[in-house]
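Biologist: I am new to this structure. Can you show me how to read its features, step by step?

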Amino acid sequence: MSYYLYTHQYYNVDIEAYMGLVYKAEYPEMEIKEIHEKVYAELKEKNPGHFLYDLSHEEIAKGENTYYKVLAENPRAYEEELQLFSVKPFFNFVNSIFFKLGFEASTSIFLVSIITYVLILLLVFRFLTKVLNNQSLAVFITIILSLFKPLLESSRHASPDNLACFLLLLSFYCFIIKRNFLWATIVAMLCILTRPEYYIFYSFILIFLFFYRKKTGVSLRNWGFSCMYLSLSFFLIQYFNQISWSTLFMNQFTKVQIYPISNPDPFYFSSYYNFIKSNILLEFNGSYFPILLLFIIIILASKFNFKNPKLQFYSLFFACIYLSVFIRFLIFPSLVNRMMLGYYLLIILALIYIQFSEKDILNKKNIEISYSS
């Protein structure tokens with residue numbers, strides 16, 4: 001199992017940072033030097049090859065090849081790195097739960113990715129059986145999706161990608177299948193607390209639902225509560241983790257900084273613009289979004305008349321996804337497929353729902369919610 005968990009150089013900084021946050025939460029009296037020693041001692045024991053850094057690897061940001069080596073040798077630089085990863089509180093909380101259950105810190109973090117991989121497939125299967133009414137076909141599609149490359153990649157990373165994907169799909173399931181807006185909101189809050197950038201997507205969805213609230217059965221009161229709760233989740237993260245966007249951008253895409261919090265490099269708009277301009281086509285063409293857009297167009301154009309309210313509803317839903325992805329790219333100009341997994345699966349499941357579901361989401365039946373209950 002240690003070979004499976006620790007063979008790829010790309011995983012280094014994630015696993016080291018999340019392990020440090022687990023120890024920091026569980027042992028608040030422990031000094032950063034002790035945490036640093038404990039983290040790297042555990043990693044070295046599990047896999048000594050973990051510290052054979054590939055300094056010839058092509059760099060996205062200047063200095064990233066040597067940065068991981070600096071973190072392993074410099075507790076102060078490592079301490080500042082931890083702050084960059086503390087913006088995902090629910091993921092760190094789940095890691096701590098597994099640690100409390102007796103697993104080592106490194107194992108706890110990877111267990112989250114592995115377990116949520118299974119949960120995603122179970123949820124997908126449950127969704128398909130509800131929509132397709134054909135268990136054999138649901139099993140076949142689930143098996144195919146289990147081999148989906150971004151899903152397999154995310155399950156091998158010490159990252160919140162799988163957990164965020166599961167929560168995104170679960171909120172979709174609660175709203176579409178269970179017709180329970182309250183639970184959809186609660187799960188969406190956890191999704192934002194796992195990956196804050198999903199607030200962009202949920203904001204567009206809430207705007208979208210505002211105009212369709214009567215047809216979908218969402219009352220204005222419940223819609224307002226959802227706006228408040230989701231915004232609260234996002235802005236609480238920003239309040240307790242006051243790291244500027246410019247610092248995160250410069251550190252990731254231009255020049256990796258040893259002390260990004262205490263001594264960040266100045267931000268230059270020209271550097272940002274040049275990076276966006278040079279990478280936008282490459283990133284989108286390297287993702288699954290163009291091919292999924294083709295399937296969206298084919299299915300919507302063949303199934304509905306363009307004047308049909310259903311077509312307008314579904315088209316706007318997919319527009320929310322693509323607009324969210326585009327804005328996210330402008331903020332964080334990378335479309336790594338494992339990070340886009342939630343959007344990919346959401347598009348695929350939504351297309352299956354459109355194609356096969358006999359239920360009409362645009363009805364006046366109230367969704368079973370009451371924030372006062």
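**Reading the model**

Biologist: Let us start with one residue. Is Arg 195 buried or exposed?

Modeller: Arg 195 is buried, with a relative accessible area of 6%. The cut-off for buried is under 20%. Keep in mind that this is a predicted model.

Biologist: Which partner does the side chain of Arg 195 meet in a salt bridge?

Modeller: First the general idea. Side chains of opposite charge can pair when their charged atoms come close. Here, Arg 195 meets Glu 197, at 3.0 Å from N to O. Glu 197 is partly exposed, with a relative accessible area of 21%.

Biologist: Which residues are linked with Arg 195 and Glu 197 in a network of salt bridges?

Modeller: Asp 161, Arg 328 and Arg 338 join Arg 195 and Glu 197 in that network. Look at Asp 161 and Arg 338. Their closest N and O atoms are 2.2 Å apart, and they form a salt bridge. This pair links distant parts of the chain, 177 residues apart. Asp 161 is in helix H10, residues 161-176. Arg 338 is in the loop between helix H18 (309-331) and helix H19 (341-356). Asp 161 and Arg 338 are both buried.

Biologist: How many salt bridges does a search of the whole structure find?

Modeller: The search finds seven. One more to look at joins Lys 100 and Glu 26, at 2.9 Å from N to O. Lys 100 sits in helix H6 (residues 89-100) and Glu 26 in helix H2 (residues 12-26), so the pair ties together parts that are 74 residues apart in sequence. Lys 100 counts as exposed, at 60% relative accessibility.

Biologist: Now the whole chain. How many helices and strands does the chain have?

Modeller: The chain has 19 helices and zero strands. Its radius of gyration is 22 Å, close to the 21 Å that the globule rule gives for 373 residues, so the chain is as compact as a globular protein of that length. The C-alpha atoms fill a box of roughly 60 × 50 × 40 Å along the principal axes.

Biologist: What share of the residues is buried?

Modeller: Buried residues make up 52% of the 373 residues. The accessible surface of the chain comes to about 18,100 Å². Carbon and sulfur atoms account for 64% of that surface.

Biologist: How do I read contacts along the sequence?

Modeller: Ask how far apart the partners are in the chain. Take contacts between residues at least 6 apart in sequence: 76% of them join residues at least 24 apart.

Biologist: And the charges? How far apart are the mean positions of the positive and negative charges?

Modeller: The chain has 31 positive and 26 negative charges, and their mean positions are 16 Å apart.

Biologist: Next, the backbone. What should I make of a positive phi?

Modeller: Most residues other than glycine have a negative phi. Asn 133 is not a glycine, yet its phi is positive, about 55°. Asn 133 lies in the loop between helix H7 (105-132) and helix H8 (135-146). Arg 179 is not a glycine either, and it has a positive phi of about 55°. Arg 179 is in the loop between H10 and helix H11 (181-194).

Biologist: Are Asn 133 and Arg 179 buried or exposed?

Modeller: Asn 133 counts as exposed, at 60% relative accessibility. Arg 179 counts as buried, at 16%.

Biologist: Let us look at a buried glycine. What does Gly 342 touch?

Modeller: Gly 342 is in helix H19 and counts as buried, at 1% relative accessibility. Leaving out residues up to four places away in sequence, Gly 342 touches Cys 165, Leu 168, Leu 169 and Tyr 198.

Biologist: What about the phenylalanines? Where do Phe 329 and Phe 295 lie?

Modeller: Phe 329 lies in helix H18. Phe 329 counts as buried, at 0% relative accessibility. Beyond residues up to four places away in sequence, its contacts include Ile 276, Ile 280, Phe 284 and Leu 335. Phe 295 lies in helix H17, residues 289-303. Phe 295 counts as partly exposed, at 44% relative accessibility.

Terms used: Residues are numbered from 1 along each chain as its sequence is written. This is a predicted model: local features need pLDDT of at least 70, side-chain atom pairs count only at pLDDT 80 or more; totals for chains, interfaces and linings use all residues. Side-chain values use heavy atoms; hydrogens and water are left out. Helices (H or I, at least four residues) and strands (E, at least two) are DSSP runs, numbered from the N terminus. The radius of gyration is taken over C-alpha atoms; the globule rule is 2.2 Å times the number of residues to the power 0.38. Buried means under 20% relative accessible area, exposed over 50%, partly exposed in between (1.4 Å probe, protein chains only). Contact means heavy atoms within 4.5 Å. Accessible areas come from the Shrake-Rupley method with a 1.4 Å probe; for residues, only the protein chains shown count as cover. Lys and Arg count as positive and Asp and Glu as negative; His and the chain ends are not counted. The place of a charge is taken as NZ of Lys, CZ of Arg, CG of Asp or CD of Glu. A salt bridge is a side-chain nitrogen of Lys or Arg within 4 Å of a carboxyl oxygen of Asp or Glu.
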